[in-house]
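Please keep the sequence and the model at hand while reading.

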Amino acid sequence: MSEQQITVRRLQDRQGANGATAVAHPNIALIKYWGKRDERLFLPWTSSLSMTLDIFPTTTRVHLDAEASDDEVTFNGVPAAGEERRRIAGFLDLVRRRAGLTHRAVVDTRNTVPTGAGLASSASGFAALAVAAAAAYGLDLDGTGLSRLARRGSGSASRSIFGGFAVWNAGNPTAPPAEADLSSYAEPVRTGDLDPALVIAVVNAGPKEVSSRAAMRRTVETSPLFEPWAASSRDDLTEMRAALLRGDLDAVGEIAERNSLGMHATMLGARPAVRYLAPASLTVLDSVLGLRRDGIPAYATMDAGPNVKVLCRRTDADRVAEAVRDAAAGGTVHIAGPGQGARLVDAGGR
Ligand code: PMV
């Protein structure tokens, strides 16, 4: 028996089977991550902060297959191909290198959120994959280690390892990449008394035309607005932490809204421009202004897609959902609260 077969046998003995299943939820950033300073290591230019949701879970099962010559990946029962498959296989290579194993894996992912529509499916997807793959390959990682690992699949996934509010530290920008890699991970954020909801208006569930990866790169390389936004985003984060600690939902909302609009401005300044917002997105933004005029605190944030997420008090969520539903003309509306971090649900993998 080879070294590796012995290791896998040991894993099997420990887990009952050489597989694991994990669940993770998406997160929505209130201080955005936009732009990498190191594309290979997924090191961002700025730190970001998000709320993990209690809806749209992703469940991922990873099972090692000693006989297989390649990884087998399915998304909602359909075999993955092309770029999608390549990203998962590349991520598994990273896990294999760390575990000192070469066994291929069977990956089965079930997503309940539309993929690639700016609804953070990659965050829940890579957080669930990181937790399941680490367990299946026998890596013993704590929250920090899992967050660093998830980051290598999709930056925003680093934050979905944790529940509630989490901040992803950009890491030391002057350190050599290998050292900065160690300091760039997410961790929970302390908050005061908050009872927040995010009302999600899905105006278009189709996949985006430009991936966030390509759009970020173009923004960093060509937008004259990127550097000023990055500088203001660092200040926004400091103010956001203080507002969360005070439990000041209005300040949290105001900072989140300006941070997101600023991020979209950097994209509009790219050459050629990247524009994710659609006419229906602007109609929803108008409805948010209307709610505020009527005395209901509601604040919008948008990601790499046309869909709008509205932060409000939990007690106002139904009223906000109603206003947003009218504006989203034909779109669907979901209400989310703060959810749990990524976790293993089955270490047997069956
Ligand atoms: O990690 P990615 O490639 O899914 O990028 C996410 C980027 C935004 O959703 C726009 C912002 C964020 O911080 O989640």
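The domain assignment of the chain, whose bounds come from an automatic or database domain assignment, gives domain 1 (3–191) and domain 2 (196–336). The model is a predicted one, in which local features need pLDDT of at least 70 and side-chain atom pairs count only at pLDDT 80 or more, while totals for chains, interfaces and linings use all residues. Residues are numbered from 1 along each chain as its sequence is written, and side-chain values use heavy atoms, with hydrogens and water left out.

**Contact between the domains**

- The C-alpha centres of domain 1 and domain 2 are 25 Å apart, and 34 residues of domain 1 are in contact with 48 residues of domain 2, contact being defined as heavy atoms within 4.5 Å.
- About 3400 Å² is buried between domain 1 and domain 2, with carbon and sulfur atoms giving 70% of this area; buried area is the accessible area (1.4 Å probe) that two parts lose on being put together, summed over both.
- Leu30, Lys32 and Trp34 supply 26% of the area that domain 1 buries against domain 2, more than any other three residues.

**Polar and charged links between the domains**

- Two salt bridges are counted between domain 1 and domain 2, a salt bridge being a side-chain nitrogen of Lys or Arg within 4 Å of a carboxyl oxygen of Asp or Glu.
- The side chains of lysine 32 and aspartate 303 meet in a salt bridge with an N to O distance of 2.6 Å.
- Strand E2 (27–31), strand E5 (48–52) and strand E10 (165–168) each supply at least two residues of the side of domain 1 that touches domain 2, and E2 gives the most, with four residues; helices (H or I, at least four residues) and strands (E, at least two) are DSSP runs, numbered from the N terminus.
- The residues on this side of domain 1 divide into 19 nonpolar, nine polar and six charged, where Ala, Val, Leu, Ile, Met, Phe, Trp, Tyr, Cys and Pro count as nonpolar, Asp, Glu, Lys and Arg as charged, and the others, Gly among them, as polar.

**A six-stranded sheet**

- An open sheet of six strands runs in the order E8-E7-E9-E6-E1-E16 with mixed pairing, two strands being paired if DSSP finds at least two bridges between them.
- Strand E8 (78–79) and strand E16 (343–346) are the edge strands, each pairing on one side only.
- Strand E1 (residues 19–24) pairs with strand E6 (residues 58–65) in the antiparallel sense over six bridges, and alanine 22 stands opposite threonine 60 in E6.

**Salt bridges in the whole structure**

- A search of the whole structure finds 17 salt bridges, among them one between arginine 217 and glutamate 39, whose closest N and O atoms are 2.9 Å apart.
- This pair links distant parts of the chain, 178 residues apart, with arginine 217 in helix H7 (residues 212–222) and glutamate 39 in the loop between strand E3 (36–38) and strand E4 (43–44).

**Backbone features in loops**

- The peptide bond from arginine 271 to proline 272 is cis, with omega near -5°, and proline 272 is placed in the loop between helix H9 (249–268) and helix H10 (279–293).
- Phenylalanine 56, although not a glycine, has a positive phi of about 60°, and phenylalanine 56 is placed in the loop between E5 and E6.
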